[in-house]
Amino acid sequence: MAQAGNSGALAPLVQHAREGGMVKGVAVLTEARSGSSWLGSLTNASGVMGQTKEWLKPLFLKPEPRGYEALEQAVLRQASTENGRFAIKVFPRQLAWSKGRWGRDFLFEMRRRHDLAFITLERRDRLRQAISFYRAGVSNSWTSWDKGRDVAVPYSFAGISRAFFQIEQSYAFRRAYLDFSQLPSRHFVYEDLLADPQPYIEAVAGLLDVGVPASLPVSRFVVQRDDITEDWVARFRQASAERGAIEAIEEQPVPRTLQNFARIALKRPLNRRQF
């Protein structure tokens, strides 16, 4: 099975793209805790549908590329399979990060140079998504096997509210971005795929012009909802009925992150997102 990050095997592909050759790819526009990692693990297992991951996340770009061209080459190298297909998962804040860092719209540049198709994915149950987002962000545990999985996270009406609004803003940005650029996309809802993710896999295969796997692979990703989630749903609904959305609409404190310290030094706007 072809694996991402094989710089030797994928070097000809990156060189082909560098020389102006068009590569076929898929960008999945979504937000955290939408089931994108689970669905990505299913397409990644095929070995021919690229390697979907948040390749614009600075954590996965070590060392950080020194310019936009280096960024694009690094993403293609990591996101591609040996058959010349690539896949990338993009959150709005990552697109904003690359724009702020290099002054260019990554998706615009990629679709200008390559045959890039778009898939949009969202979760219908925004509250449970927000609770999952808040818990994962505080514990820094994004999968069932992360070390912080057992960290006790305190309930926070304000934290969940802000996560809820961030999710809604991300989905709104995605819709506006595609409408503004008049870009077609295939749309999926996480809850509709839980029982059968086959339509998603077939869509990615069709957009990349590769065969559909004969069988559905087993993913290591599992649903992380638990009794705490359901307790917090009840607490949040009661509190929101009594307090409204004031916790989410007041100005958020600026997180003390290395990224924000760098923004201060460069006299750039601070990032107020918590996650």
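A cavity, as the word is used here, is a set of grid points where a 1.4 Å probe fits but cannot get out, and its volume is the space filled by probe spheres set on those points. In this predicted model, a search of the whole structure finds 2 cavities of 30 Å³ or more, and the second largest cavity has a volume of about 40 Å³. The largest cavity holds about 80 Å³ of space.

**Largest cavity**
- The lining of the largest cavity is made up of Leu 29, Thr 30, Val 90, Phe 91, Pro 92, Leu 95, Leu 107, Ser 170, Tyr 171, Phe 173, Arg 174 and Tyr 177.
- Two or more lining residues come from each of helix 4 (92-102) and helix 7 (157-181), and helix 7 supplies the largest share, with 5 residues.
- By residue class, the lining of the largest cavity comprises 9 nonpolar residues, 2 polar residues and 1 charged residue.

**Second largest cavity**
- Around the second largest cavity, with its volume of about 40 Å³, the lining residues are Val 26, Val 28, Gly 40, Thr 43, Thr 52, Ala 87, Tyr 200 and Val 204.
- The elements that contribute two or more residues to the lining of the second largest cavity are strand 1 (24-29), helix 2 (36-44) and helix 9 (198-208).
- The lining of the second largest cavity divides into 5 nonpolar and 3 polar residues, with no charged residue among them.

Note on methods: Residues are numbered from 1 along each chain as its sequence is written. This is a predicted model: local features need pLDDT of at least 70, side-chain atom pairs count only at pLDDT 80 or more; totals for chains, interfaces and linings use all residues. Side-chain values use heavy atoms; hydrogens and water are left out. On a 1 Å grid over the protein atoms alone, a cavity is a set of points where a 1.4 Å probe fits but cannot get out, and a pocket is an open set with protein on both sides within 12 Å along at least five of seven lines; lining residues have an atom within 4 Å of a point. Helices (H or I, at least four residues) and strands (E, at least two) are DSSP runs, numbered from the N terminus. Ala, Val, Leu, Ile, Met, Phe, Trp, Tyr, Cys and Pro count as nonpolar, Asp, Glu, Lys and Arg as charged, and the others, Gly among them, as polar.
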